[in-house]
Structures are given as C-alpha cells and as structure tokens.
Amino acid sequence: MSNSLAAIHIAKKQLGLEDDDFRDVCERITGKRSTRDMSEPQRIKLVEHFREQGFKPISKSARKSLKGKFAAKLQALWIAGWNLGVFRNNDDKAMIAFVQRQTGLDAVRFVHYPDDAAKAIEGIKGWIERKVGSVWREPAYRDTWRRTDGGMIAAVQWSILSQHCSLPEPGGFDVYVRKLLGKTNAFELSDVTSSEWHIVMNTLGHLVRKVSAHET
C-alpha cells in the first residue's frame, strides 16, 4: 500500500467518516468515489484536504522526539531534499545522522541553538545544491512565486524531470500546476498557497524519485 493510500485510510478513521460520507468527500475533491480509481496526485490532494480538516498523520517515533525551535525548518529542508531525489530516506533519523556526520553536532544542539542550527541548515542546503544545482541562491526573480520555498523547489523538480525527458505535462509547468490543483486558466502561479505548493512538491517528488532511482 502506498504512503498516500495508507494516510487516507488513517484519516478516514481519525475523522470518523462513515463510508458514504467518505466517498462523497472523495468525489468532491478528486472526482472519484474510490481511492483505487484515483491517480497518485489525486490521492495526495485528498490527504491535503483531510489535513485541512484536522487530520494529523501518525508520526514515527523519531519525529516525535525531535523538538526545538529549529526542528521544523530542518525537517522541511530534509523533505525538500527527499522530494528532489537527493535523500533516499525521509525520516528524522536519517536527517539527524546526516547532520551529525557533517557538523559533529548532536541533535540537542542543532535544533535549539541558532549558531549550531545555521550550520545544520547550511549543511543540508549545500548537499542538496551539490546534487541538483542552485535552489536557494538564484538572483532575485521577477516572478513572486519563485521566491517562495514551495515555488523554488517545484521549479527545480520540473527542471530535473525535463532533463530526464519525463515531464508529466507537455503544456508546461503552469498548465500542470493548474490541472493538478483543479484551477482555471485564470489562476496565476502567484496565487498558489503554501499548502497547495505542498501538494505540487509531493506529487512531483514521486516522479523525481522514480527517475533518480534509475540513475543508481
């Protein structure tokens, strides 16, 4: 069972949805009444909807134990690297081990103290950029959506897929994002919210990891 499918079943139980209500939600969000008939992007979109309704995915023990002022930033960067095909494992244990090897710091220090957190953050960013090229250090963009973390990551994902001749939409990036999010042609990329970029990144991440796996 895929991660998204498992998350949907957990969300159904967590939110107390009866079968008919669950199918109604599925149809309203994805146009499909059964998860078996949904594409992976549609399942991810459904999971994001359930998150907005209060669904809280069950965390692994490592993620539960990682607390601190900078924990969320480090986790977000690590997931970005995973969605860019750089890291093979998306859990906190892998991230902690990586940062410890790179900096010699223990987790208590780099999730709580600014100077140590900066070393850990730059270490993750540096490794990602050595693998996929510049992500955060491009000159100022005219397009505001490219200045958001989600927009920057998604743009690099699209570039990676282009290099592998594996683009999922021949009409271009903006067309793909609109279709994925179920928006009209009048919808601009600058209107994409953080949670919607999350859907885009996770969906493209699935494709990027597939093409990246073929290289190893």
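Predicted model: local features only at pLDDT ≥ 70, side-chain atom pairs only at ≥ 80, totals over all residues.
Is Arg 88 buried or exposed? The legends below begin with the whole chain and come to that residue in a later view.

Figure 1. Residues are numbered from 1 along each chain as its sequence is written, and side-chain values use heavy atoms, with hydrogens and water left out. The protein has 11 helices and zero strands. Helices (H or I, at least four residues) and strands (E, at least two) are DSSP runs, numbered from the N terminus. Read from that end, the order of elements is α-α-α-α-α-α-α-α-α-α-α.

**Figure 2. The overall size of the chain agrees with that of a compact globule.** For 216 residues, such a globule would have a radius of gyration near 17 Å, and the protein agrees because its value is 18 Å. The radius is taken over C-alpha atoms, and the globule rule is 2.2 Å times the number of residues to the power 0.38. Along the principal axes, the C-alpha atoms fill a box of roughly 55 × 40 × 35 Å. Contact means heavy atoms within 4.5 Å. Of the contacts between residues at least 6 apart in sequence, 57% join residues at least 24 apart.

**Figure 3. The surface and the charges of the protein.** The accessible surface comes to about 12100 Å², and 49% of it belongs to carbon and sulfur atoms. These areas come from the Shrake-Rupley method with a 1.4 Å probe; for residues, only the protein chains shown count as cover. Lys and Arg count as positive and Asp and Glu as negative, while His and the chain ends are not counted. Each charge is placed at NZ of Lys, CZ of Arg, CG of Asp or CD of Glu. The mean positions of the 34 positive and 26 negative charges are 5 Å apart.

**Figure 4. The largest nonpolar core has 49 residues.** A nonpolar core is a set of buried Ala, Val, Leu, Ile, Met, Phe, Trp, Tyr and Cys residues joined through side-chain atoms within 4.5 Å. Buried means under 20% relative accessible area, exposed over 50%, and partly exposed in between (1.4 Å probe, protein chains only). Buried residues make up 43% of the 216 residues in the protein. Leu 74, Phe 110, Ile 124, Phe 173 and Val 177 have the most contacts inside the largest core. Among the elements giving two or more residues to this core are helix H5 (71–83), helix H8 (114–132) and helix H11 (194–213). H9 gives the most, with eight residues. Leaving aside neighbours within four places in sequence, Phe 173 is in contact with residues including Trp 145, Trp 158 and Trp 197.

**Figure 5. Another core lies apart from the largest one.** This other core has 12 residues, among them Ala 7, Ile 8, Val 25 and Ile 29. Ser 4 sits in helix H1 (residues 3–14), and Ser 4 counts as buried because its relative accessibility is 8%. Beyond its neighbours within four places in sequence, Ser 4 is in contact with Glu 40, Arg 43, Ile 44 and Val 47.

**Figure 6. A look at Ala 107 in helix H7.** With 17% relative accessibility, Ala 107 counts as buried. Not counting residues up to four places away in sequence, Ala 107 touches Ile 96 and Gln 100. Ala 107 and Ala 120 are 13 residues apart in sequence, and their C-alpha atoms are 9.6 Å apart in space.

Figure 7. Arg 88 lies in the loop between H5 and H6, and here is the reply to the opening question: Arg 88 is exposed, with a relative accessible area of 74%. Along the chain, Arg 88 and Arg 209 are 121 residues apart, and their C-alpha atoms are separated by 8.4 Å. Thr 144, in the loop between H8 and H9, counts as partly exposed at 44% relative accessibility. Cys 165 lies in the loop between H9 and H10 and counts as exposed, at 74% relative accessibility. Most residues other than glycine have a negative phi. Phi of Cys 165, however, is near 55 degrees, a positive value.
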